[in-house]
Amino acid sequence: MTTISSPGIGSGLDVNSIISQLLAIERQPIVALQSKATQIQARISEYGKLQSLTSAFRDAASALTKNETWGQTVGTSSNAAAVAITVQSGAAVGNYSLQVQALATAQSLASGVFASTNEAPGAGTLHIELGSWGPGQTTFTPKSGAAAVDITIEATDTLAQVRDKINAANAGVTATVLNDGSGARLLMRSSATGTESAFRTSGMSAFAFDPSSGPGAMTQTQAAGNAAATIDGLAITSQSNTLANLVDGITLTLGQITTAPVDLAVVQDNDALKKAVQTFADAYNALATLIAGQVKYDAGSKTAGPLQGDSSAVGIQRQLRAMMGTSSGASSVFGRLSDVGLEMQTNGSVKVNAGKLDAALANLPEMKKFFANSDIAVPGNNGIARQFYTLTDAMLGVDGTLTTRTDSLQQGIERNEADQERLEQRVEQVEKRLRAQYTALDTTLGRLSGISSYVSQQMAMLNSSNLYGNKN
């Protein structure tokens, strides 16, 4: 049977309110633990930000230790329209002079005139074969590795449909239809330039071109030709207008025949190096600014940063600032960051002095040593970027400051949760005990109240009886 309990009915006491107030007092240690847990979570969050920005700074320092960073080059051309230059990683610094005598061309053919693109040229099989023409186009040599392609043309196929079938055949030839005012013509062109990518056609008289076996209906509008140029006086030829293997790491794209030499240069890419140094400075400033805000105490607002008084965060700040002011024996020219234009400011940030950096980059070998040199035997001779990398990588490591402090805070959260759970169980027991005690008290008070009422009634009746008896 279900027992219905309503504490306070018998005695008139507000038992639930009394118990709630007593339990609120009992829960004060839990409230304190919850407040502490919030603070710990805030610190864990701030350490997460610290780890992220430290990782970004480590990556920026790492970039300045790599050969590819210091080996970046860029190409320049005195006439980019005639000769464009593209430089790949590893291209050596150098100067070249190039003159273009001929551009590589693709063979092009034009058909006779048709009334419109909707005219059907007739049925047949169009045979397309890639290869190279001999002198005077009296002979034709098929291209090695390229199979001839046969395209079936139906009697109902229009000129436009013939074009589409040629383009879909992947025969090394592309087709278009040109309306030149007199009617429509089918144009065919090699997909690639150079004498080795010429072509001949047969099988359909309207689109035949094979001078080696007789005249055809198609007219050659452009012969296949190779590019011809001289670089530093050396004659070169190419099947295409892209010269990718002429000089290691350099690609030249020919665009015009020249009447005078084009000056080409591969030079040190100072803009890329400046960007790498600026990225290093920006990453440091982001990290330094975050830590400064975390550990400071604002006397005006009387508020403390989330990591104010945190010895680990303060230690990281101290290490970074000390490293910014340290020296390196890697270079005989540059000793400190300020020597190459990275100057510490009064607020703890670092600013890039563009003039100093430009001057330092004029001595690239010493700049590279100052940032990237590696010396296992003498750590003080390591490049400054390598020193920063070593420092930040250690902070982020398994036993590093950032990792161990985050783990410690996480363990604190786990202990806090366990303490809260233990105290919650204790409060539950206290509540059970209080309810049992107040229920018993309520019952007793209710019984006493009933006895009191009964006695009062009996006394009233007795007094009334005595009153009437005295009158008699």
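A residue counts as buried under 20% relative accessible area, as exposed over 50%, and as partly exposed in between (1.4 Å probe, protein chains only). By this definition, 36% of the 472 residues of the protein chain are buried. The model is predicted: local features need pLDDT of at least 70, side-chain atom pairs count only at pLDDT 80 or more, and totals for chains, interfaces and linings use all residues. Residues are numbered from 1 along each chain as its sequence is written.

The radius of gyration of the protein chain is 46 Å, whereas a compact globule of 472 residues would have one near 23 Å (taken over C-alpha atoms; the globule rule is 2.2 Å times the number of residues to the power 0.38). Along the principal axes, the C-alpha atoms fill a box of roughly 165 × 75 × 40 Å. Among contacts (heavy atoms within 4.5 Å) with a separation of 6 or more, 70% join residues 24 or more positions apart.

The protein chain has 10 helices and 20 strands. These are DSSP runs, numbered from the N terminus: helices are H or I of at least four residues, strands E of at least two. Two strands pair if DSSP finds at least two bridges between them.

Strand 16 (residues 262-268) is joined to strand 1 by 5 bridges. Here Ser 77 has Leu 264 as its bridge partner. Strand 16 also pairs with strand 3 (residues 94-102) over 5 bridges, again antiparallel. Gly 94 is partnered there by Val 266 of strand 16.

How values were computed: Heavy atoms only, no water.
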